[in-house]
Amino acid sequence: MASLLSAAGLTSCSMPASLQEGTVSGQAGVPERISIVINSQGTRFPQGLHENNNPYLKYIEGNTGLDVQVILPPQEGYQHTVEAMLNNEQVPDMLSVTSDVWIARQVQRGALQPLDELLQQYGPDLLRQIPQEAWDRVRFQGKIYGIPSMNSIPGVELMYVRKDWLNRLGLKAPRTLEEYREVMRAFTQEDPDGNGKHDTYGLAMTNHLYRSAPFFGAFGVQLNQWTERQGQLVYSNILPETKEALLFLASLYREGWIDPEFPLMNHKNLEEGVEQGRVGLFSAAWHDTRGMIARSRELDPKAEWMPLEYPTGPKGDHGVYAAPSVKSYQVIPAKSAGAGAVVRLLNFIGGPGYETLSLGFPNEVWVRKEGRIVSNFAEHDKHQYRGIYGSLAEVADPELLRDRLDSYGEEFRLYDNLQRIERNLIRDAYTGAPTESMELYSESLLALQRVFIQIIMGTVPPEAFDAYVREWKQGGGDAITEEVNRQLLSSRK
């Protein structure tokens, strides 16, 4: 694992040359130099290329007249590293972050620049294409302090099942929770792969309750969202329906139909289970049909996967969480001298350069045949690193998204998966900027959720949920609830 960079270690001698030298500006014939800190997202570069030497960065620089120095901190501890850089004597010109609560804290202490005038001067495409509600999330005291990058994906999870296992056991595609229970039981106990071994289980989930959202949806809730009840916003985690969902999952765990190691399982473990035929039912990510599900078929030609309707609960509820409308924010430190250049950079990425950074280079990664885009898989995969640049100013373009996903092969059902998700979204009812109490209490309140895993595993009694609710309310939750409802009331006047 890459070690976390500490604030003490981020001295000028450890900074990239671009930060030690400062920002070069305005000399005739000399590109203006800026430094940007972005999340690598696990990106791998083809041999001989890296974040500061590749065709896509050259494409951006050539079209903006900038010399862009890219800094990719280790993913582990990324946010701590970003904060240390912001507090350093010499700061980067741009930081990419995901938390509007963090932005609010930095605004309070004067660490970030307001961007309204710069956006008017250098960011016309950004202002035109990014919706007002996204700007509102980073508007404090009437000024904008971050540039949102929109999420073009409406949601992530949908249910997939091994159809060949259903057929072998004489089962129909499940729809209700009870039908899902029967499939999980059979997949665990009736040797669905026919190898004579007890080596399959009914449902795959991973740590932190990832890949469990459809089962909360069956009870009409999603974790970590706000929902409206009788004209008031209530945090979904403290609702009785969330307790019901946890107890349902606890019953599956008690029966042995969920892998007992799920609290320790990560994404890689899930991939291995799907690909090696130990998993026949799980909440897939929309892109898994081109990933682990496709590899499952390659390893076992008999493996036939199909999407399912979301499980329907006792009151007819079903659905899955909507992805956040904003995937990241780009902020500019107060001490940066390159703010205008940063906005120009992002305006190009979200404007004239967006198609190329989304699809890849034409006639190299893709071609247009008979009005349709066709991608070269090998080149697409080789060029995926372009996403670290394009994701800095992503904008909503549904037509381009469909063209791109269909170009990878309609057999993967990528666009169909997204449509299925979009029809079943449970949206967060609160979309405003972070409140003062959120800034104070969010981290400690999230930490209380560890009891949810314990309830599922049966190491604490169901009443532990009621204790969690009391602790959440007393630990700042009531204050947050009051603030979000005050904002809701204000927005409706």
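This is a predicted model: local features need pLDDT of at least 70, side-chain atom pairs count only at pLDDT 80 or more; totals for chains, interfaces and linings use all residues.
Local features are reported where pLDDT is at least 70 and side-chain atom pairs at pLDDT 80 or more, whereas totals for chains, interfaces and linings use all residues. Residues are numbered from 1 along each chain as its sequence is written, and side-chain values use heavy atoms, with hydrogens and water left out.

The chain contains 22 helices and 16 strands, these being DSSP runs (H or I of at least four residues for helices, E of at least two for strands) numbered from the N terminus. Its radius of gyration, taken over C-alpha atoms, is 24 Å, close to the 23 Å given for 493 residues by the globule rule, so the chain is as compact as a globular protein of that length; the rule itself is 2.2 Å times the number of residues to the power 0.38. Along the principal axes, the C-alpha atoms fill a box of roughly 75 × 55 × 45 Å. Of the 493 residues, 53% count as buried, where buried means under 20% relative accessible area, exposed means over 50%, and partly exposed lies in between (1.4 Å probe, protein chains only). Among contacts (heavy atoms within 4.5 Å) with a separation of 6 or more, 75% are accounted for by residues 24 or more positions apart.

Helix α2 spans residues 55–64, and its buried residues are Tyr-56, Leu-57, Tyr-59, Ile-60, Glu-61 and Thr-64. The elements that cover these buried residues include β2 (66–71), α14 (339–350), α15 (354–359) and α17 (387–390). At the N-terminal end, α2 is capped by Asn-54, of which a side-chain oxygen lies 3.1 Å from the backbone nitrogen of Tyr-56. The helix is followed by Gly-65, which has a positive phi near 70°.

Two further positive phi values belong to residues other than glycine. Most residues other than glycine have a negative phi. Asn-224, with a phi of about 60°, is found in the loop between α10 (213–217) and β8 (226–229), and is partly exposed at a relative accessible area of 34%. Gln-230, whose phi is near 55°, is placed in the loop between β8 and β9 (232–235) and is exposed, with a relative accessible area of 84%.

Two buried helical residues were also examined. Asn-417, in helix α19 (residues 414–422), is buried at 0% relative accessibility, and its side chain is joined to that of Thr-289 by a polar contact of 3.3 Å. A polar contact is a pair of N or O atoms within 3.5 Å; within protein, one must be able to donate a hydrogen and the other to accept it, and residues adjacent in sequence count only if both atoms are side-chain atoms. Apart from neighbours within four places in sequence, Asn-417 is in contact with Leu-158, Tyr-160, Trp-286, Thr-289 and Phe-412. Leu-405 lies in helix α18 (residues 398–407) and counts as buried at 1% relative accessibility. With neighbours within four places in sequence again left aside, Leu-405 is in contact with Trp-286, Leu-414, Tyr-415 and Leu-418. The C-alpha atom of Leu-405 is separated by 19 Å from that of Trp-305, a residue 100 positions away along the chain.
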